[in-house]
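Here's a walk through one protein model, strand by strand and hole by hole. Keep the picture open while you read.

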Amino acid sequence: MAAAAVLVGDPGRALMLAQELLEEPKMSNHARGLWGYTGRRPQGGELTIQATGMGGPSAALVVADLAKLGVRRAVRVGTCAGFPGGARSGELVLVSGAISAGGSSAAFGVETGGSALPDPELLEDLRAELGDEARVAEVASLDAMPPAGADGPGAAADMQTVAVLARSGELGLAAAAVLVVSEETGGAGRLEDERLEAATKRAGAAAAAVL
């Protein structure tokens with residue numbers, strides 16, 4: 001296990017990024033079906049790509065396990081749904097704050113309406129790496145994705161970023177998040193698989209570059 005990790009929800013996406021970002025990646029975890037891979041980056045240094053499953057509670061458990069195994073810096077690379085008038089399909093969102101929209105977020109010490117913040121150094125490094133390719137914005141973390149046409153706080157909604165940032169802060173990990181807007185609320189503007197894969201690879205490459 002490396003001291004730096006890219007966190008993704010889907011195990012298949014973890015495999016894709018491991019093949020994209022690492023030289024000779026080797027599976028370092030398969031507990032609970034959440035695949036993790038560790039290998040050397042072309043630019044040097046080891047990196048872990050770890051799946052976190054679905055939802056905040058799963059992500060929080062994985063972050064705690066990674067902290068025990070020596071991970072100290074992490075970037076979540078995930079997907080989100082843009083709210084009306086907010087983030088649009090295909091955009092990258094660099095999360096400046098993850099707003100608790102209720103549900104399990106309270107278990108991570110973030111009251112409803114409060115925010116979990118990224119590590120400021122990682123945030124600035126990602127901002128420099130992505131430049132105009134990413135929108136810097138707050139996102140709302142929910143236990144279930146919002147229904148068609150739903151609005152909410154922030155530019156978009158996801159299911160894990162509050163958990164990743166809040167639990168990382170509790171455990172002394174530096175963490176940040178870059179999200180791909182894979183659709184707009186209600187499923188409008190859903191990205192084609194090829195565009196989603198390309199955007200995920202770009203976000204993953206940015207994360208690997210700053211970790």
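## Strands, a cavity and a pocket

Let's start with two strands: β6 (residues 92-100) and β8 (residues 134-141) pair in the parallel sense, over eight bridges. Strands here are DSSP runs (E, at least two residues) and helices are too (H or I, at least four), numbered from the N terminus; two strands pair if DSSP finds at least two bridges between them. Within this pair, A98 stands opposite V139 in β8. β8 also pairs in the parallel sense with strand β9 (residues 156-158), over three bridges, and there S141 stands opposite D158 in β9.

A word on where this comes from: this is a predicted model, so local features need pLDDT of at least 70 and side-chain atom pairs count only at pLDDT 80 or more, while totals for chains, interfaces and linings use all residues. Residues are numbered from 1 along each chain as its sequence is written, and side-chain values use heavy atoms, with hydrogens and water left out.

On a 1 Å grid over the protein atoms alone, a cavity is a set of points where a 1.4 Å probe fits but cannot get out, while a pocket is an open set with protein on both sides within 12 Å along at least five of seven lines; lining residues have an atom within 4 Å of a point. Grid points are joined across faces, edges and corners, and a volume is the space filled by probe spheres set on the points. In the table, Ala, Val, Leu, Ile, Met, Phe, Trp, Tyr, Cys and Pro count as nonpolar, Asp, Glu, Lys and Arg as charged, and the others, Gly among them, as polar.

| Space | Volume | Lining by class |
|---|---|---|
| Largest cavity | about 50 Å³ | five nonpolar, five polar, one charged residues |
| Largest pocket | about 460 Å³ | eight nonpolar, seven polar, seven charged residues |

The lining of the largest cavity includes S104, S141 and D143. For the largest pocket, the lining has 22 residues, and R13, M54, R76, T79 and M159 lie nearest its centre. β5 gives the most to that lining, with five residues.

Which residues does S104 touch, leaving aside its neighbours within four places in sequence? They are P57 and D143 (contact means heavy atoms within 4.5 Å). The side chains of S104 and D143 are joined by a polar contact of 2.7 Å, that is, a pair of N or O atoms within 3.5 Å; within protein, one must be able to donate a hydrogen and the other to accept it, and residues adjacent in sequence count only if both atoms are side-chain atoms. S104 lies in the loop between β6 and β7 (115-116). Its relative accessibility is 18%, so S104 counts as buried (under 20% relative accessible area, with exposed over 50% and partly exposed in between; 1.4 Å probe, protein chains only).
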